[in-house]
Amino acid sequence: MDDATLDAYDRDAKAFADAWDTQPPSSDLQAIVRQFFIPGPTADVGCGSGRDAAWLNACGYPTRGFDASQGLLAEARRRHPKIQFGTAILPDLDGIAESSFANVLCETVIMHLGPEAITPAVERLLAILVPGGILHLSWRVTEGADRRDQHGRLYAAFDPERVLRALTTTRVLHNQQVGSARLIRRIVARKALSGGS
């Protein structure tokens with residue numbers, strides 16, 4: 001995770017969490033989850049305020065949230081005390097065992113990584129899925145060069161091939177870029193079953 005981005009989230013965790021919690025839920029994300037997620041334990045990697053983890057849990061997917069920011073984790077625990085939250089940092093996700101989750105949600109997180117960390121991060125997200133598990137991955141698309149916002153958060157400009165390269169052993173179920181002012185790329189992939197796809 002980019003250090004300046006992590007510092008920004010820790011420094012202004014309450015303000016970020018308040019802003020996210022007042023935004024309307026992402027209807028396209030929720031539709032994709034309802035279409036593709038399978039029953040079973042679910043991880044929200046980069047859970048922020050915990051809003052999506054709480055929604056997933058309420059929809060019947062027992063969810064655990066993970067984030068790199070201690071400030072955001074404190075906000076998530078305060079706002080959603082019935083959900084389990086823990087520290088995990090992309091690309092390594094130390095402390096999360098392989099084959100632990102039926103579903104992994106990683107919503108608009110990987111653009112905060114340096115381009116060289118994208119492929120290993122996606123490989124690790126797949127590793128924590130059970131065979132046949134579902135990965136939902138999205139990121140804000142930045143054209144041209146990397147940029148930072150007024151808070152100092154990194155928005156990396158990277159070739160989507162860095163993501164697709166890590167998904168070659170999966171079945172991609174959904175791959176779409178949506179939005180106008182802010183482009184979001186969403187990919188849903190099913191991890192191969194042992195000995196098959």
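Q: Which residues form one aromatic cluster with Tyr9?
A: Phe16 and Trp20; together with Tyr9 they form one aromatic cluster. Keep in mind that this is a predicted model.

Q: How many aromatic pairs does the structure hold?
A: Six. One of the pairs is Tyr9 and Phe16, with an edge-to-face arrangement: 4.9 Å centre to centre and 65° between the planes.

Q: Tyr9 and Phe16, buried or exposed?
A: Both are buried.

Q: What about Trp139 and Phe158, how is that pair arranged?
A: Trp139 and Phe158 form a tilted pair, at 5.4 Å centre to centre with 40° between the planes.

Q: And where do the two residues lie?
A: Trp139 is in strand β5 (residues 129-140), while Phe158 is in the loop between β7 (154-155) and α7 (161-164), so the pair ties together parts 19 residues apart in sequence.

Q: Why is Trp139 counted as buried?
A: Because its relative accessible area is 3%, and the cut-off for buried is under 20%. Phe158 is buried too, with a relative accessible area of 11%.

Q: Changing topic, how many helices and strands does the protein have?
A: Seven helices and nine strands. The radius of gyration is 16 Å, close to the 16 Å from the globule rule for 197 residues, so the protein is as compact as a globular protein of that length.

Q: What does the C-alpha trace span?
A: About 45 × 40 × 30 Å along the principal axes.

Q: What share of the residues is buried?
A: Buried residues make up 52% of the 197.

Q: Last one: how far apart are the mean positions of the positive and negative charges?
A: 6 Å, for 22 positive and 23 negative charges.

Notes. Residues are numbered from 1 along each chain as its sequence is written. This is a predicted model: local features need pLDDT of at least 70, side-chain atom pairs count only at pLDDT 80 or more; totals for chains, interfaces and linings use all residues. Side-chain values use heavy atoms; hydrogens and water are left out. Helices (H or I, at least four residues) and strands (E, at least two) are DSSP runs, numbered from the N terminus. The radius of gyration is taken over C-alpha atoms; the globule rule is 2.2 Å times the number of residues to the power 0.38. Buried means under 20% relative accessible area, exposed over 50%, partly exposed in between (1.4 Å probe, protein chains only). Lys and Arg count as positive and Asp and Glu as negative; His and the chain ends are not counted. The place of a charge is taken as NZ of Lys, CZ of Arg, CG of Asp or CD of Glu. Rings of Phe, Tyr and Trp (its six-membered ring) pair if their centres lie within 6.5 Å; planes under 30 degrees apart count as stacked, over 60 as edge-to-face and the rest as tilted.
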